[in-house]
Amino acid sequence: MKLVSGLRLFAFSVQTYLPRRAPRYISRCSASSEDTGEKREKRARRFESRLSSGPDLRDFIRASSNKTPPEEPQTGREEPCLPRISAANVRKVYFETYGCQMNVNDTEIAWSVLQKGGYLRTSELSEADVVLLVTCSVREKAEQTIWNRLKQLTALKKKRLKANSHLKIGILGCMAERLKTELLEKEKLVDVVAGPDAYRDLPRLLTLAHGGQRASNVLLSLEETYADVIPIHSTGHSAFVSIMRGCDNMCSFCVVPFTRGRERSRPLSSILEEVRMLSDQGVKEVTLLGQNVNSYRDISEAQFSISEAGLRLSRGFSTMYRAKQGGLRFAELLDRVSLIDPDMRIRFTSPHPKDFPDEVLHLIQERKNICKQIHLPAQSGSSRVLQTMRRGYTREAYLELVENIRKIIPGVSLSSDFITGFCGETEEDHHQTLSLLREVGYNIGFLFAYSMRKKTHAYHRLQDDVPAEVKQRRLEELISVFREEAAKVNATLIGSTQLVLVEGESKRSSQELCGRNDGNLKVIFPKKDLPSQTTVTSMVPIEAGDYVLVKITSTNSQSLRGEAISHTSLSGSRRTEELLNDQAAAC
């Protein structure tokens, strides 16, 4: 009916339009006004009759669906916007990655897209035709680092231009989305700007740039997860796997929802496929990534549904949004991923404290290959500041969650994020944060002075009223207390035996190796040959990717030191399990 009504309206508009055009037509034909008027009316009625009785839009749709599309004519021309790069004209791309683990994964995705577009990757800036900076906007200091780097690269670009060697500069990630206009139009330091959801468009954007244009795409998507893009992981024995993108929490200080968009989760099947592929490649540790990783909710399959228990948040926690019904949740994902390879460690970051129902905690405790380490961002120890931050919990609820975690997962390692000097923070609020650090006792901490970000709730509604010198003084006090407490917590591990995944040589000495234990603490120990797992009589060197048992002899707030005892595996020996149980009891 809507189609017919629309056509009738079109016929009416044509009929009313003809008289306005008639006088000029009449003068050219030199016909009488009376005859012309009659002819005009007849033509209009005839046209309206044909229009109302003729085919409508549905007829055209049916007709086109039955036709075989004609073959594309072979013109021998390449697509103008996406030319195929010939072997003689291969371009090399150089990446620099700043910020969080998600940016590392974004680099791997962007490189996968560009490799299919015919690019080569180089680790030497001097060889590059394209330089891409994968950027962070969470804090002002991170952005200032990029601005300084861009000035250096612009000077290099001008120098290369004099030698008739062109260099294109691109900004990817959060800073691209936030500062597109300033980057492209005001400062004119870059040729390409691509937001976190636009990496598929990189070949086209770079083609435009090589043609002399400035190109950008910073559109955010409600669906993009790059599920069908297999990231090209850098060589090594650890890998990041993105399981979801974006964030819905809308904390008042955080720019992430505005630079990376709303939450959307990758289909379970694509995640499992990537983890299996990494296992086949010999990767020993996978970290599941997301801005709010434990709010994962796959709704790609109709059969994915959960019980009411699966919707529960941590006790005493709330959200800024309505509860989301249906979907396969984080506990199910973690369960399936951990079953792929019993010799592959599983970690995840960055979670929100609200999304730790008991079923997730029990699963972490039961599975030997899920690391007994939880990142639990507190941000502040003051309930008043937490409310201003729109975190959805109080100090008391947070401490209750810590107690519950330690009850279910004995010996768990805890890490956290803290922001000091947030809008309206008083000295009393600051001292409450210091006391939370002492009361919990974290192994690892990430502490920062607050810097206001545009677009956030705080930017529009709150005052950044804590002076910079006060922020700095409070930050130094936080760092001091954290190190003091972390040193105490880590000292309890002296004498224990830790299962360590070896990463390689220590940065400070080629005679030492380093790796990380289950709690994600750095462990340093001297190089030496150890008895082989298969033949006790033969001695073999320790290499990156090996699991070894290390007896801890000393600690500080940042790391552990010890002596390697033997080669082992995560799943293998009964002795390993006994030692890990002893470790948990000692903690």
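**Contacts and elements in a predicted model**

At 38% relative accessibility, Glu-563 counts as partly exposed. This residue belongs to a model that is predicted. Glu-563 forms a salt bridge with Lys-528, and the closest N and O atoms are 3.9 Å apart. That value falls inside the 4 Å cut-off used for a salt bridge. Because Glu-563 lies in strand β23 (residues 559–568) and Lys-528 in the loop between β19 (522–526) and β20 (530–531), the pair ties together parts that are 35 residues apart in sequence. Lys-528 is also partly exposed, with a relative accessible area of 35%.

By the rule used here, the structure has 34 salt bridges. Side chains of opposite charge can pair when their charged atoms come close. Among these bridges is the one between Glu-427 and Arg-474, with the closest N and O atoms 2.9 Å apart. It links distant parts of the chain: Glu-427 is in helix α15 and Arg-474 in helix α17 (residues 468–491), 47 residues apart. Glu-427, at 31% relative accessibility, counts as partly exposed, whereas Arg-474, at 4%, counts as buried.

Helix α17 also holds a pair within itself. Glu-477 and Arg-473 meet through their side chains in a salt bridge of 3.5 Å, N to O. The two residues are four apart in the helix, so about one helical turn separates them. An α-helix has 3.6 residues a turn, so residues three or four places apart point the same way. Glu-477 is partly exposed at 27% relative accessibility, and Arg-473 is partly exposed at 31%.

Helix α4 (residues 101–116) is mostly covered, with 12 of its 16 residues buried. The buried residues include Met-102, Asp-106, Ile-109, Trp-111 and Leu-114. After α4 comes Gly-118, whose phi is positive, near 100°.

Next comes a sheet. Strands of a sheet pair through backbone hydrogen bonds, either parallel or antiparallel. Here three strands form an open sheet in the order β14-β15-β16, and the pairing is parallel. The edge strands, β14 (373–375) and β16 (444–449), each pair on one side only. From one strand to the next, the twist averages 10°. Six bridges join β15 (residues 413–420) to β16, and Thr-420 has Ala-449 in β16 as its bridge partner. Phe-448 is involved in another contact: the charged end of Arg-139 sits over its ring, 3.5 Å from the centre.

The structure also holds eight aromatic pairs. One of them, Phe-317 with Tyr-393, is tilted, with 4.9 Å centre to centre and 40° between the planes. This pair links distant parts of the chain, since Phe-317 is in the loop between β11 (297–298) and β12 (328–329) and Tyr-393 in the loop between α13 (383–389) and α14 (395–408), 76 residues apart. Both residues, Phe-317 and Tyr-393, are buried. The ring centres of Phe-422 and Tyr-450 are 4.9 Å apart and their planes are at 80°, so this pair is edge-to-face. Phe-422 lies in the loop between β15 and α15 (427–440) and Tyr-450 in the loop between β16 and α16 (457–461), so the pair ties together parts 28 residues apart in sequence. Phe-422 and Tyr-450 are buried. Together with Phe-253, they form one aromatic cluster.

Technical notes:
Residues numbered from 1 in each chain as written. Predicted model: local features only at pLDDT ≥ 70, side-chain atom pairs only at ≥ 80, totals over all residues. Heavy atoms only, no water. Pairing = 2+ DSSP bridges. Axes fitted to C-alpha atoms, helices over the stretch in contact; angles between N-to-C directions. Phe/Tyr/Trp six-rings, centres within 6.5 Å; stacked < 30°, edge-to-face > 60°. Buried < 20%, exposed > 50% of the residue type's maximum accessible area, 1.4 Å probe, protein only. Lys NZ or Arg CZ within 6 Å of the ring centre and 35° of its normal.
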